[in-house]
Amino acid sequence: MGVSNNITATLNFIAFLASIPIIASGIWLASKPDNECTHYFRWPVVILGFLILLVSLAGFVGAYWNKQGLLAFYLICMAILIALLLILLVFAFTVTRSDGSYSVPGRGYKEYRIDGFSQWLRDHVTNSGNWGKIRSCLAESNVCARLTQNYITADQFFSANISPLQSGCCKPPTACGFNYVNPTLWVNPANQLADPDCLLWSNDQSLLCYNCNSCKAGLLGNLRKEWRKVNVILIVAVVVLIWVYVIACSAFKNAQTEDLFRRYKQGWV
């Protein structure tokens, strides 16, 4: 195996390692309750990560056993995957740029307005066609049930840093002036006309605020928060992959030059 192929094999091993955090972040993202209930964002990162892993292995095999055809296949496929990863990153940053959160005096958590998020997210995640299934899925999850296990007193709950999904779906908006009984049980609203969601709140544990705009906004807030974390990992991974790819292209050209020179010498001799 020539020097250039040695370099290419090492670089593909690095690319293989870079695919692992991509897959791990994708699995983490897919396991979140909001992504379990929405299918737009659940698997793209995992699929891309596995494809990068497989292509890196193909490149490693091609370099180690000097299979030029396999190396060419690797370079073409990796270029496509890096481009797809960049497109996914740009798209994720664009649709999660807007933040619909706002602070509530005396509360450790924030609340969320649906019109504060991107139009694409509102149209594709919380439209009437999708929301019925998402709402049923959220109601069957333990997103809200966990609150009653973790917080007992009003002071504990009001100072808690609960998730956007819990803030929007598991309690009524603060502006309604409901009195706290437990995190998912609220009574006697002081200002029931302060927000349309005030009339939609129900103490029925299968309903709560799952029909509220605040719940839709909370879901979008959760998606935004999680994707922002994953984007950091994807940025690091794509920088490593681009660096590996550029050097691998150079090594591939050098390997071809070495092979041509060797054949020339053999022919000359």
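**View 1. Thr184 and its surroundings in the predicted model.** Setting aside neighbours within four places in sequence, Thr184 touches Cys144, Thr148, Cys170, Trp201, Asn203, Gln205 and Leu208.

**View 2. Lys171, a buried lysine with polar partners.** Here we move to the loop between helix H9 (164–169) and S3, which holds Lys171. Its relative accessibility is 1%, so Lys171 counts as buried. The side chain of Lys171 pairs with that of Glu111 in a polar contact of 2.6 Å. A polar atom of the Lys171 side chain also lies 3.3 Å from the backbone oxygen of Ser167. Beyond four places in sequence, the residues in contact with Lys171 are Tyr109, Glu111, Phe157, Gln166, Pro183, Trp186, Trp201 and Cys209.

**View 3. Helices H3 and H4 packed against each other.** Helix H3 (residues 44–64) and helix H4 (residues 68–95) have axes 9 Å apart and pack at an angle of about 155 degrees. Angles over 145 degrees count as roughly antiparallel, and H3 and H4 are therefore roughly antiparallel to each other. Their crossing is left-handed. On the H3 side the contact includes Val45, Leu48, Ile52 and Val55, while H4 contributes residues including Leu70, Tyr74, Met78 and Leu81. The residues of this contact comprise 17 nonpolar, three polar and no charged.

How values were computed: Residues numbered from 1 in each chain as written. Predicted model: local features only at pLDDT ≥ 70, side-chain atom pairs only at ≥ 80, totals over all residues. Heavy atoms only, no water. Axes fitted to C-alpha atoms, helices over the stretch in contact; angles between N-to-C directions. Helix = DSSP H or I, 4+ residues; strand = E, 2+ residues; numbered from the N terminus. Parallel < 35°, antiparallel > 145°, perpendicular 65-115°, else oblique. Left-handed = near helix turned anticlockwise from the far one by under 90°. Contact = heavy atoms within 4.5 Å. Nonpolar A, V, L, I, M, F, W, Y, C, P; charged D, E, K, R; others polar. Buried < 20%, exposed > 50% of the residue type's maximum accessible area, 1.4 Å probe, protein only. Polar contact = N/O pair within 3.5 Å; in protein donor to acceptor, adjacent residues only side chain to side chain.
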